[in-house]
Amino acid sequence: MSGTDIAFFLLALAAIAGGVTMLQLTNVVHMVIALVMTFVGIAGLYVLLSAEFVAVVQVLIYSGAITIIMLFAIMLTRHHTDERERPTTGGVWHKAVAALSVIAFGLAVYFGIRQLDFGADGSALSGDNAKAIGKSLYSYYTIPFEIVSVILLVALVGAIVLAKKDGKGAEDE
């Protein structure tokens with residue numbers, strides 16, 4: 001087993017553990033932290049696949065921006081939960097079944113891909129992926145890129161208008 005295999009299994013374990021932990025927690029802020037662990041594990045897997053640009057985007061967009069948006073949404077909404085009304089996640093048996101399921105899935109994937117031959121060795125990959133993505137994006141896909149940016153801008157303005165109307169109606173009541 002090479003160092004790449006060990007790194008893959010550790011990063012995959014971190015990503016899966018973050019996802020399962022997120023499902024088992026009841027505190028929303030702790031759930032977001034577990035989700036960040038999943039996002040960082042996935043970014044590490046992208047680095048192992050020689051997709052550095054996608055890994056950086058994963059960290060910046062998901063681990064940074066999406067996580068902050070989720071935290072702001074949590075802070076801006078009202079949460080009135082009493083300790084006695086807090087839903088449980090099923091106790092010890094539920095957690096044991098979840099852990100055994102993850103272990104069984106991991107073993108099935110390990111034994112399933114252990115003998116798999118992908119055929120290519122990856123030597124055809126570009127040495128500078130970010131440069132190749134930039135050339136492709138700004139030469140062949142300039143118009144779709146600009147259209148998507150305009151659509152996102154319209155969606156942002158629409159969200160602000162809808163939020164402003166909802167806030168105005170709440171003040172009148």
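A pocket here is an open set of grid points, with protein on both sides within 12 Å along at least five of seven lines. The model is predicted. Its second largest pocket holds about 400 Å³ of space.

Two elements each give two or more residues to the lining: α1 (3–24) and α4 (91–113). The most comes from α4, with 8 residues. By class, the lining has 12 nonpolar residues, 1 polar residue and no charged ones.

Turn next to a helix pair. Two packed helices are described by the angle between their axes and the distance between the axes. Helix α2 (residues 28–48) packs with helix α3 (residues 52–76) at about 170 degrees, and their axes are 8 Å apart. Angles over 145 degrees count as roughly antiparallel, so α2 is roughly antiparallel to α3. On the α2 side, the contact includes Val28, Leu35, Phe39 and Tyr46. On the α3 side, Val54, Tyr62, Met70 and Ile74 are among the residues that take part. This contact has 18 nonpolar and 3 polar residues, with no charged ones.

Last, the record. An unreviewed UniProt entry places the feature "transmembrane region" at residues 6–25, 32–49, 55–76, 96–113 and 138–163. How do two of these spans look in the model? Residues 96–113 are 100% helix and 0% strand, with end C-alpha atoms 26 Å apart. Residues 138–163 are 92% helix and 0% strand, and their end C-alpha atoms lie 34 Å apart.

Note on methods. Residues are numbered from 1 along each chain as its sequence is written. This is a predicted model: local features need pLDDT of at least 70, side-chain atom pairs count only at pLDDT 80 or more; totals for chains, interfaces and linings use all residues. Side-chain values use heavy atoms; hydrogens and water are left out. Axes are lines fitted to C-alpha atoms, for helices over the stretch in contact, and angles run from 0 to 180 degrees between N-to-C directions. Helices (H or I, at least four residues) and strands (E, at least two) are DSSP runs, numbered from the N terminus. Angles under 35 degrees count as roughly parallel, over 145 as roughly antiparallel, 65 to 115 as roughly perpendicular and the rest as oblique. Contact means heavy atoms within 4.5 Å. Ala, Val, Leu, Ile, Met, Phe, Trp, Tyr, Cys and Pro count as nonpolar, Asp, Glu, Lys and Arg as charged, and the others, Gly among them, as polar. On a 1 Å grid over the protein atoms alone, a cavity is a set of points where a 1.4 Å probe fits but cannot get out, and a pocket is an open set with protein on both sides within 12 Å along at least five of seven lines; lining residues have an atom within 4 Å of a point. Grid points are joined across faces, edges and corners, and a volume is the space filled by probe spheres set on the points. UniProt positions are given in the numbering used here, feature names are shortened, and annotations may be inferred rather than shown by experiment.
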